[in-house]
Amino acid sequence: MKFLHIGDLHLGKSLSDFDLIEDQRYILDQILHIADEESIDGVWIAGDVYDKTVPSEAATRLLDYFLNELARRKIKVFMVSGNHDSDDRLHYGSDLFKANQIFIEAVFDGTLHKQSVSDGDAEIDIYMLPFVKASQVRHFFPEEAIENYEDAVRTILKNTPINKNIKNILVAHQFVAGKGEDPALAGSEGMGTQSVGTVEKIGYDCLDDFDYVALGHIHSPQRVGRDEVRYAGSPLKYSLSEACNEKSVPLVTVSAGEKVRIELIPLKPMRNLRHIKGTMKELLDKKNVSGTEDFIYATLTDEDIINDAMGIFQQTYPNTVRIDFDNSHTREVEQADIGQIAGERSFPELMEEFYRLMYGCEITEEEMDVMMDAAREAGVIHEAG
């Protein structure tokens with residue numbers, strides 16, 4: 001039997017002010033095309049289906065479209081919730097969906113539920129673990145010592161009977177790490193050695209009973225510990241840190257008496273996300289310009305101030321997301337001791353010093369007024385009266 005493993009769709013996500021719904025539909029259509037080409041039996045969706053707990057109407061319509069297209073093809077769907085999802089919203093209608101072989105586990109109720117499928121000699125139990133926290137699991141196993149996420153997952157698995165004579169698959173959304181080796185992070189998962197995006201680390205060895213573990217949560221596609229424990233990664237690049245990622249979808253073939261086979265099928269976005277660096281003149285020179293519809297993060301190395309750099313850049317690259325600078329002024333600021341810079345100086349004095357360090361000139365009266373208004377708005381400064 002053949003399955004596609006996807007996750008971290010983040011339907012409804014945007015890049016700065018740019019709506020990604022069209023890009024997301026484009027990549028989902030590409031996944032449907034792969035499903036047709038490969039005669040797929042099922043799709044595992046490993047959480048973070050939506051980008052927000054209260055998804056937009058456009059996001060819910062897109063998921064409805066995708067699930068309907070899979071159901072129309074008689075492709076089974078096994079979907080769990082992620083930490084970005086609302087359990088209740090994703091779970092809504094799950095009993096009705098089962099009639100079309102769309103299986104959703106979004107709320108942990110004390111049992112690790114499974115769906116059994118077979119084709120010829122291949123018998124497969126697919127276990128579906130929605131995103132869980134230690135506090136949720138502790139409620140169902142009060143006698144267990146559950147202090148963290150790993151304790152929670154180990155407790156669930158310990159209390160789940162698994163038939164080791166057949167193939168077992170786990171679909172889950174957690175931060176799983178190898179021995180002394182953390183997954184390569186990307187996107188909005190956050191940073192840290194013990195947790196990512198407030199989700200604590202779980203050792204991959206607690207998943208040894210499964211022939212394949214379809215993970216979600218980390219946006220960079222990769223194996224964890226062994227080939228069969230894998231993050232599919234997000235199907236699109238959602239941040240600058242993913243600019244060098246090669247997105248793909250794992251095609252997993254499960255047969256009786258054999259190890260699962262994994263093939264990574266590349267995904268090509270409607271609009272790429274790229275990071276380019278150089279002077280304004282170099283980057284906008286016609287012989288260097290390509291992919292003008294791509295999402296662009298630009299780092300300018302010009303030493304001189306460029307007024308309305310974003311406006312100028314968007315004339316050539318209309319989907320420019322962000323522009324920053326890397327020059328002697330910015331490097332001086334990066335190396336500066338913030339404590340020494342601040343000292344006992346007032347906010348206007350700090351702004352004057354900032355301008356001298358960053359731009360090599362004095363701040364104007366009008367610019368100071370703008371900075372003061374912004375500081376008041378943010379609550380950085382308070383004035384009597």
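**View 1. Strands β7 and β8 pair in the antiparallel sense.** Strand β7 and strand β8 (residues 122-129) run antiparallel, joined by 7 bridges. Val117 has Ile124 of β8 as its bridge partner. Two strands count as paired if DSSP finds at least two bridges between them. Helices (H or I, at least four residues) and strands (E, at least two) are DSSP runs, numbered from the N terminus. The model is predicted: local features need pLDDT of at least 70, side-chain atom pairs count only at pLDDT 80 or more, and totals for chains, interfaces and linings use all residues. Residues are numbered from 1 along each chain as its sequence is written, and side-chain values use heavy atoms, leaving out hydrogens and water.

**View 2. An open sheet runs in the order β7-β8-β9-β13-β15-β14.** This sheet has 6 strands with mixed pairing. Its edge strands, β7 (113-119) and β14 (222-224), each pair on one side only. From one strand to the next, the twist averages 30 degrees.

**View 3. An open sheet runs in the order β6-β5-β4-β1-β16-β17.** Here 6 strands form the sheet, and the pairing is mixed. β6 (102-105) and β17 (261-266) stand at the edges with a single partner strand each, so one side of each lacks a neighbour in the sheet. The twist averages 20 degrees from one strand to the next. β16 (residues 248-253) pairs with β17 over 6 bridges in the antiparallel sense. Pro250 stands opposite Leu264 in β17.

**View 4. Helices α1 and α2 pack together.** Helix α1 (residues 21-38) meets helix α2 (residues 57-72) at an angle of about 10 degrees, with the axes 11 Å apart. Axes are lines fitted to C-alpha atoms, for helices over the stretch in contact, and angles run from 0 to 180 degrees between N-to-C directions. α1 is therefore roughly parallel to α2 (angles under 35 degrees). α2 lies across β1, β4 (42-46), β5 (76-80) and β6, at about 145 degrees to β5.

**View 5. His10 is buried in a loop.** His10 sits in the loop between β1 (2-6) and β2 (14-15). Its relative accessible area is 0% (buried means under 20%, with a 1.4 Å probe and protein chains only). The side chains of His10 and His219 make a polar contact at 3.1 Å. Such a contact is a pair of N or O atoms within 3.5 Å; within protein, one must be able to donate a hydrogen and the other to accept it. Beyond neighbours within four places in sequence, His10 is in contact with residues including Gln24, Asp48, His84 and Tyr238.

Terms used:
Angles under 35 degrees count as roughly parallel, over 145 as roughly antiparallel, 65 to 115 as roughly perpendicular and the rest as oblique. Buried means under 20% relative accessible area, exposed over 50%, partly exposed in between (1.4 Å probe, protein chains only). Contact means heavy atoms within 4.5 Å.
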